[in-house]
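Have the viewer open and follow along.

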Amino acid sequence: MLSKITRRHFLTATAAGVSLSGWLGRLAAAAPDGQRPKSCILLWMAGGPSHIDTFDPKPEAPANIRGEFQAIETSVSGIRISEHFPRVAKLMQHAAVLRGMSTLESDHKLATYHLHTGYQNRAGAVAFPSLGAIVAKELGKRDVALPNFITIGRGPQEALTAGFLGPDQQPLTVNDPIRGLDFIEPAGEPEQFGRQIELLQGFDQTFHARYQSPAAETHHKSIDRAVKLMNSQQKQAFDLSREPDNIRERYGPPPSASVRPAAGGKMVSGGERPGSFGQGCLMARRLVEAGVPFVEVVMGDGVGWDTHRDNFPRVRALSLECDAAMAALIKDLDSRGLLDSTLIAWMGEFGRTPQCTGGGRNHWSRAWSSVLIGGGIRGGQVVGRTDRDGATVVDRPISVPDFLGTVCTILGIDYKRKNHPPGVARPIPIVDTSKDVNLLTELL
Amino acid sequence: MACGKTTRGNHPVRRLTRILFSFVLVAVAAGKCQAGEAIAAELAERIDQQIDARLSSEGVRAAELADDAEFVRRIYLDLHGTVPTLEQVKRFLPDAEPNKRARLIDSLLADSRHGQYLADIWQGYLISPLADDSTKRAERFRHWLAEQFNTRKWDQIVTELITATGKMEDNPAVTYLIEGRLPRAVPDLTDLTSRFFLGIRLNCAQCHDHPFVKWKQEEFWGMAAFFTQIQTPKRAKQVYEKGVVDDPQLTLANLKDAGVPDGFIQRAPTFLGGQALSQATKTSTHRAALAQWITAPENPYFARAMVNRTWWRLCGRGIVQPVDDMHEANAPSHPQLLELLSRRFVESGFDLKFLTRAIVLSRAYQRTSQPGESADKSILRTAATEDRQAALFGRMSLKVLSAGQLYDSLETIAGPAAKVTGIDVRQGVRWEFTQFFGESGDPDPMAYRRGIPHLLRQMNSGQFAGRNLDGLVTRLGTAAERSPEEIASDLFLTILSRRPTENELRQVKSHLARSGSAAGGLRELAWVLIMTSEFSLNH
């Protein structure tokens, strides 16, 4: 269907807009008490953080396994984590540390794909959707300006995909939160853009009438949605300059102040600016407030947590930056009454070897940790246990389907529900149920 | 590489085919004989007989032939992966020669760009985006494939891929074999080989007997066993350092030792259908035996798979749908047509250009994609009858431009992409673009699957329409003193390969009047044309 909405939208949208607090306030007020639909913020630690140096410290292990960091007490007695997460340590009552992660892939891309989609599928017969796309489809609202799946920071593109769920669930990526969303403004003057869209409508209408093609209609619908976003007030959620300085600072040091030490003298954190992860977390909060059901914030584009060398200085710097951002996010959501309806997941694609070799740790998927926070879970607990060296899971192993099934359940999604991808004979459940799925019922 | 050929050369049918074929080659080389073209034209005739008979038996009207503008854009996109240049369009449209479509087809197939385009498509199928270092490999592999598609036959190409040995740098064909990492590479190779070369989805049978079709789990592992001689976990690193070598000692058992892949069954190398590897062929490597079996003229799957895939690529839907899911319970829409094309493809010595030429010469391919008005007004046009017309190839289907076609078309129109903030081109501009706009595997060519992220970038980034549109407008305007309307008309020809209609020209004029300067208005027009549904589709 050709819509005439586009043009009208454009013509009525003005540069002035409505003040941010105004529209956010209205949205918040519109949500019925305690019935806010849930959202999820995935903090993706690209490269695979060492579990021993973060959330599963091993003070009893020999020095070359224990590493250089101390374990510290947290707000929940009995739970100890790395000294470089001091702020998160004080918020442990909201968190569940999953120390039994035990997964199958120890190659970055394959593991990243597996953790995001829940399926191992390398030959590519079926294009599986990423968790964000699944949540977008299950919880997202139709006919809203903002996409339901937004990623911040340069992410693992091949894993951040709508797969067979199609164009409506595709992730919109904010490459650099400090710069804001790219390509949201027209290249020329607004009047010029409006004029062009009007001419486009005319041409497309003729073409659509002549060819009557569903592909053409979908194309035009996508244009309509993109223009609608360009003209919406909600796009202000991408604009961090509307946030007070003191809040921006809470999420992390300003970009110039923190410089991560580099391995071998080279800049290793990839294209991401230091400090941008924190600002990404702030943007995630703004997007969740605006009703986006799934936001993924990526930390560590390029090498990131992949600390084969210089493990300790790099993990220390990354941890401190992550700690500030995460703690600010938790407190900010909490103070706005959004923590119970917003699940924060912290994880990478795997953990790292217990042994340090050459100052680094290598890939380790047999035993590692992830963290779930908020979302109405029972916080202040540890699920699963690894052995003295953090090498194997000795209690409560958690597979990828166990983990994703639990995340879906917390969000109110039936993980067994089946999708029917076009061109695939068999229906495909949201989470792979070919083996038993053991939900982490202790969190629910 | 060579081991496959020596054994194959002894096959009497193959030898005969080859002798016949080299005769044709020599004749063509002499420049006297248009035998290949003539045979293809004859096959195109037979394609149409089949299609038309079916249409009339179902009482479905066929659409008109596409006009020259629709045809020229379609044929360039389908054979070269880009829209034609302004000059090419301007040469073709006024040409009064009755044979001009066939001549254009011949020249496009003879151009090396044809092989490059096929290579672009096939490296996408055969290299997973999850592979490490995929850009560099894809680049090398694509060059190799282009050379193959331009100069060799399909059975030879597939044999090269399956039997490749050595390092990627020396023999890019091995990219296919070592792309997936160990140890699950064996199941992956089994899956890819059966899907892309045999048109069979065997991967479901990796873990369980297929519920709808005859493939059993043991058949998957019987095929998988052909690949184990190169692939064992112990050699994971060696594969990169030393390249692919066969070790006759290795079997599925080694694979099992490394950790049991899903559904693992111990089985000796066994061809699909149950024929075991014979004692005689055991002297060669397993892969050579497999390649020989796959590419044999009597293999019931090989030719059909490529025929169906080529038809699917050119016509938007396969004779069997989905394109790689050919089995008894999934009947072809035109069984005799599939049979005919497969037989003729085999007889041609698996000559892909011959097959392609025959299909694109047919009226079925050259029909318009417009539903049009029914001559008989009493027949109510409904969605169902419309679908029937397209499903029976009584009308061309609209295909969505692939990411590669989009990129290359934009380059044809407005030159290389500008560097743009916000787009990470560390791995190459075209690579990034095709990753962003494209999809892995072989998605339905008729489904438009791009959403807000793509359209934002399409409209507002310099990489899409922010290319040198001013330059384009200037270039069109400098030839002589030309009116804005004439330049506008050339913009339509450049971007959409057709002239504007009266109605469109009226809209353009009113647009130019509103936009202040003629140059600015024309630049805006160029932007608009690139945003149209028409541009994003191959109609």
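Start in chain A, in the loop between H7 and H8, where you'll find Gln212(A). Keep in mind as you look that this is a predicted model. What is the phi of Gln212(A)? It is positive, about 45°, even though the residue is not a glycine. That's worth a second look, because most residues other than glycine have a negative phi.

Asp143(A), which is not a glycine either, has a positive phi near 55°. Is Asp143(A) buried or exposed? It has 6 C-beta neighbours inside 10 Å, so it counts as exposed.

The contact draws 56 residues from chain A and 57 residues from chain B. On the chain A side, helix H5 (108-117), strand E6 (172-174), helix H7 (190-211) and helix H8 (214-230) each supply at least two residues. Which of the elements gives the most? That would be H7(A), with 13 residues. Sort the chain A side by class and you get 25 nonpolar, 19 polar and 12 charged residues.

Cross over to chain B and zoom out for a moment. Chain B is divided into domain 1 (35-64 + 297-397), domain 2 (114-295) and domain 3 (399-441 + 450-538). Going by C-alpha atoms, the centres of domain 1 and domain 3 of chain B are 33 Å apart.

Next, some helix packing in chain B. The axes of H16(B) and helix H18 (residues 352-361) come within 11 Å and cross at roughly 45°. That angle makes H16(B) oblique to H18(B), and the crossing is right-handed. Which residues make the contact? Val307(B), Thr310(B), Trp311(B) and Leu314(B) come from H16(B), and they meet Leu355(B), Thr356(B), Ile359(B) and Val360(B) of H18(B). By class, this contact has six nonpolar, two polar and no charged residues.

Follow the chain on from helix H16 (302-315) toward helix H17 (335-347) of chain B, and the loop between them holds Pro322(B). The peptide bond joining Gln321(B) and Pro322(B) is cis, with omega about -10°. Most peptide bonds are trans.

One more helix pair to finish. Helix H21 (residues 403-414) and helix H22 (residues 429-437) of chain B pack at an angle of about 135°, with their axes 8 Å apart. H21(B) and H22(B) are therefore oblique to each other, and H21(B) passes H22(B) in a right-handed crossing. From H21(B), Ala403(B), Gly404(B), Leu406(B) and Tyr407(B) meet Arg430(B), Phe433(B), Thr434(B) and Phe437(B) in H22(B). The classes here come out as five nonpolar, two polar and one charged.

Terms used:
Residues are numbered from 1 along each chain as its sequence is written. Chains are lettered from A and ligands numbered from 1 in the order in which they are written. This is a predicted model: local features need pLDDT of at least 70, side-chain atom pairs count only at pLDDT 80 or more; totals for chains, interfaces and linings use all residues. Two residues are in contact if their C-beta atoms, placed from the backbone, lie within 7 Å. Helices (H or I, at least four residues) and strands (E, at least two) are DSSP runs, numbered from the N terminus. Ala, Val, Leu, Ile, Met, Phe, Trp, Tyr, Cys and Pro count as nonpolar, Asp, Glu, Lys and Arg as charged, and the others, Gly among them, as polar. Domain bounds come from an automatic or database domain assignment. A residue is buried if 20 or more other C-beta atoms lie within 10 Å of its own, exposed if 12 or fewer, and partly exposed in between; C-beta atoms are placed from the backbone. Axes are lines fitted to C-alpha atoms, for helices over the stretch in contact, and angles run from 0 to 180 degrees between N-to-C directions. Angles under 35 degrees count as roughly parallel, over 145 as roughly antiparallel, 65 to 115 as roughly perpendicular and the rest as oblique. A crossing is left-handed if the near helix is turned anticlockwise from the far one by less than a right angle, and right-handed if clockwise.
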